[in-house]
Amino acid sequence: MQEGNKILSNKFGYRKMATPSTLCCAILLFLFPLQFMATTTPSCPGDCEPNDADDNDRFHFAQNLEFLEAEFFLYGALGKGLDAFEPEFAKGGPPPIGGKRANLDYLTRRIIEEFGYQEIGHNREIVRRTGGIPRPLIDISSENFAKLFDKAAGYNLDPPFDPYEDPIKYMLAVYAIPYVGLNGYVGTTPCLKKFASKQLVAGLLGVESGQDAATREWLYKKGDEKVEPYDITVVEFTNMISRLRNELGKCGIKDEGLIVPKELGAENRTTSNVLSADPNSLSYPRTPQEILRIVYSTGDEHRPGGFFPKGGNGRIAREYLYNDQLRGL
């Protein structure tokens, strides 16, 4: 070996002598891609959202779900909605349809009340940072939930499902809402450009994930109980709701009930599924299109219904409705 030189191995395993100049070139070639990766933003999937959507558009889309959660939690726990606490957040949007105080036990009411206050904070931060959107028309009526659970069951439940009737039914209705918002934040994260936006979505996602985990744990403890007066267990209802959301989303399995086949369980070793996650135990992402198909309960992002009878607000949601009108559908 010559003094001042080093021995390098190429990718085929051959060894050759390297001079200081060639070593410098090798170091530069190694550092360049690292610098490139550090200064660029991960690309957003082509079908994730409109190509020209900015970070604010994405948070405005998410606020539709934050409004939905705030109204359902606050009404369920306290019998009054967002307008009783922060009416200016609605920006003139209509009050929700059908919200009322649920028949909850003390512990469950405390949990849901906390969820409601958390959603006030989420809306406040989105409004503060992005200006926010007008609250869309939201339907949280017993009748709307009855239609959703009929669709999940595949037949008309008798009597109709009423989430405000007792704690188990209410928590099953809660199961049907926050997880979709969680998926949305996971899906939008790679599309965000600003550090402040990524910081905000991390904070929102953390609490949304916690709400979903608390809800699933509450239901998991009652998994084998029959939901009166139906001959359906809590676990079976969660599986029905998750299956329906996968069908409406039209993008494969991204939602799982509380008990799953082992091939869907963590490391394919368990049927327990307190947390819904992919084969590597990572949270599933969803695009705005998928989310709209689910919360509209129509399977079509251009056709409103379900929780949003007149569609969501903000550029992303309204663009789908506007484009649909242009096509004359």
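## Basis of the model

This is a predicted model, in which local features need pLDDT of at least 70 and side-chain atom pairs count only at pLDDT 80 or more, while totals for chains, interfaces and linings use all residues. Residues are numbered from 1 along each chain as its sequence is written, and side-chain values use heavy atoms, with hydrogens and water left out.

## Overall architecture

The protein chain contains 10 helices and 2 strands (DSSP runs numbered from the N terminus: H or I of at least four residues for helices, E of at least two for strands). Along the sequence the elements follow the pattern β-β-α-α-α-α-α-α-α-α-α-α.

Of the 329 residues, 50% count as buried (under 20% relative accessible area, with exposed over 50% and partly exposed in between, for a 1.4 Å probe and protein chains only). Among contacts (heavy atoms within 4.5 Å) between residues at least 6 apart in sequence, 69% join residues at least 24 apart.

## Helix α7

Helix α7 covers residues 195-220, 26 residues in total, and reaches 37 Å from its first C-alpha to its last. This is close to the 38 Å expected at 1.5 Å a residue (1.5 Å times one less than the number of residues).

The buried residues of α7 include Ser 197, Leu 200, Val 201, Leu 204, Glu 208 and Trp 218. The buried residues of this helix pack against α2 (55-78), α3 (106-130), α5 (167-175), α6 (178-188) and α8 (234-249).

## Packing of α5 on α7

The axes of α5 and α7 come within 10 Å and cross at roughly 140° (axes are lines fitted to C-alpha atoms, for helices over the stretch in contact, and angles run from 0 to 180 degrees between N-to-C directions). α5 is therefore oblique to α7.

In α5, Pro 167, Ile 168, Met 171, Leu 172, Val 174 and Tyr 175 meet Thr 215, Arg 216, Trp 218 and Leu 219 of α7. By class, this contact of α5 with α7 has 8 nonpolar, 1 polar and 1 charged residues (Ala, Val, Leu, Ile, Met, Phe, Trp, Tyr, Cys and Pro count as nonpolar, Asp, Glu, Lys and Arg as charged, and the others, Gly among them, as polar).

## Packing of α2 on α6

Helices α2 and α6 pack at an angle of about 160°, with their axes 10 Å apart. The two helices, α2 and α6, are therefore roughly antiparallel to each other.

From α2, the contact is made by Arg 58, Ala 62, Leu 65, Glu 66, Glu 69 and Phe 73, and from α6 by Pro 178, Val 180, Gly 181, Tyr 185 and Thr 188. The residues of the contact of α2 with α6 divide into 6 nonpolar, 2 polar and 3 charged.

Note on methods:
Angles under 35 degrees count as roughly parallel, over 145 as roughly antiparallel, 65 to 115 as roughly perpendicular and the rest as oblique.
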